[in-house]
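Visitor: I'm new to this one, and I'd like to learn how to read it. Could you show me the model and take me through it feature by feature?

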Amino acid sequence: MKKHYLKTWNSKLKNSTKLDLYDSIKENYEIEDYLTSIRNFEQRRYFTKMRTSNHKLAIETGRYIRQKIEDRLCVFCNQNQVETEEHMLLKCSLYSNLRKELFSKISGTIDTNNLQANALLKAKHQTSYYVSRFILKAFELRNSKILNF
């Protein structure tokens with residue numbers, strides 16, 4: 001029964017475009033380290049939301065209004081890029097100061113050159129704590145900017 005469930009679970013991951021990011025970071029069907037190591041509820045919640053694409057970035061909000069992917073651009077920078085998890089974590093200029101702070105904290109544990117979003121989102125132990133703190137602060141900054149539009 002467990003093998004059948006795991007096969008079904010894995011099949012659903014592979015066949016869902018919404019879960020592409022999650023599929024790239026979820027290697028095994030088991031409790032993730034960050035769920036017990038990140039003690040701050042809000043940090044853990046936002047980290048989970050980012051991992052599961054359950055957030056308010058344009059890549060997701062555009063999905064529900066049937067907006068073309070190429071039209072889900074980030075409104076916080078002038079890079080003319082779709083506002084994805086990767087864009088927020090690694091590229092958007094709005095978060096550059098937060099990103100510098102994050103990279104200074106994790107540079108010894110993860111290679112920050114040629115970094116991809118999934119590497120940050122599957123980080124373990126102390127690194128996941130710093131990444132989760134970045135995500136929480138980034139969404140707080142993003143939300144404050146939305147309120148000022």
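Visitor: Let's start with helix α7: which exposed residues does the face turned away from its buried side carry?

Guide: Keep in mind that this is a predicted model. Here's the general idea: an α-helix has 3.6 residues a turn, so residues three or four places apart point the same way. In this case, the face of α7 turned away from the buried side carries Asn97, Lys100 and Ser104, which are exposed.

Visitor: And which residues of α7 are buried?

Guide: Helix α7 runs over residues 96–106, and its buried residues are Leu98, Arg99, Leu102, Phe103 and Ile106. Look down the axis of α7 and you'll see these buried residues fall within an arc of 130 degrees, so they line one face of the helix.

Visitor: What covers the buried residues of α7?

Guide: The cover includes α6 (85–91), α8 (117–121) and α9 (125–147).

Visitor: How do I read a nonpolar core?

Guide: In soluble globular proteins, nonpolar side chains tend to be buried together. Here, the largest nonpolar core has 35 residues. Those with the most contacts inside this core are Leu89, Tyr95, Leu120, Leu121, Phe134 and Ile135.

Visitor: Which helices each supply at least two residues of this core?

Guide: That would be α2 (20–25), α4 (41–51), α6, α7, α8 and α9. The one giving the most is α9, with 7 residues.

Visitor: Let's zoom in on Phe134. Which residues does phenylalanine 134 touch?

Guide: Leaving out residues up to four places away in sequence, Phe134 touches Met88, Leu89, Tyr95, Leu98, Arg99 and Leu102. Of these, Leu98, Arg99 and Leu102 are among the buried residues of α7.

Visitor: Now salt bridges. How many does a search of the whole structure find?

Guide: The search finds 7 salt bridges. A handy way to read one is to ask where its two partners sit along the chain. Take glutamate 32 and arginine 51, whose closest N and O atoms are 3.7 Å apart. Glutamate 32 lies in the loop between α2 and α3 (34–37) and arginine 51 in helix α4, so this pair ties together parts that are 19 residues apart in sequence. Both of these residues are buried.

Visitor: What about the pair glutamate 83 and arginine 142?

Guide: Their side chains meet in a salt bridge at 2.8 Å, N to O. Glutamate 83 is in the loop between α5 (58–64) and α6, while arginine 142 is in helix α9, so the pair ties together parts 59 residues apart in sequence. At 3% relative accessibility, glutamate 83 counts as buried, and arginine 142, at 5%, counts as buried too. As for networks, salt bridges that share partners join Glu32, Arg51 and Lys124 into one.

Visitor: How far apart are arginine 45 and glutamate 42 in helix α4?

Guide: They're 3 residues apart, so about one helical turn separates them. Their salt bridge is 3.1 Å, N to O. Arginine 45 counts as partly exposed at 31% relative accessibility, and glutamate 42 counts as partly exposed at 30%.

Visitor: Let's step back. How many helices and strands are there in the protein chain?

Guide: You'll find 9 helices and 0 strands.

Note on methods
Residues numbered from 1 in each chain as written. Predicted model: local features only at pLDDT ≥ 70, side-chain atom pairs only at ≥ 80, totals over all residues. Heavy atoms only, no water. Buried < 20%, exposed > 50% of the residue type's maximum accessible area, 1.4 Å probe, protein only. Helix = DSSP H or I, 4+ residues; strand = E, 2+ residues; numbered from the N terminus. Arc of directions from axis to C-beta. Contact = heavy atoms within 4.5 Å. Core = buried A, V, L, I, M, F, W, Y, C linked by side-chain atoms within 4.5 Å. Salt bridge = Lys/Arg side-chain N within 4 Å of Asp/Glu carboxyl O.
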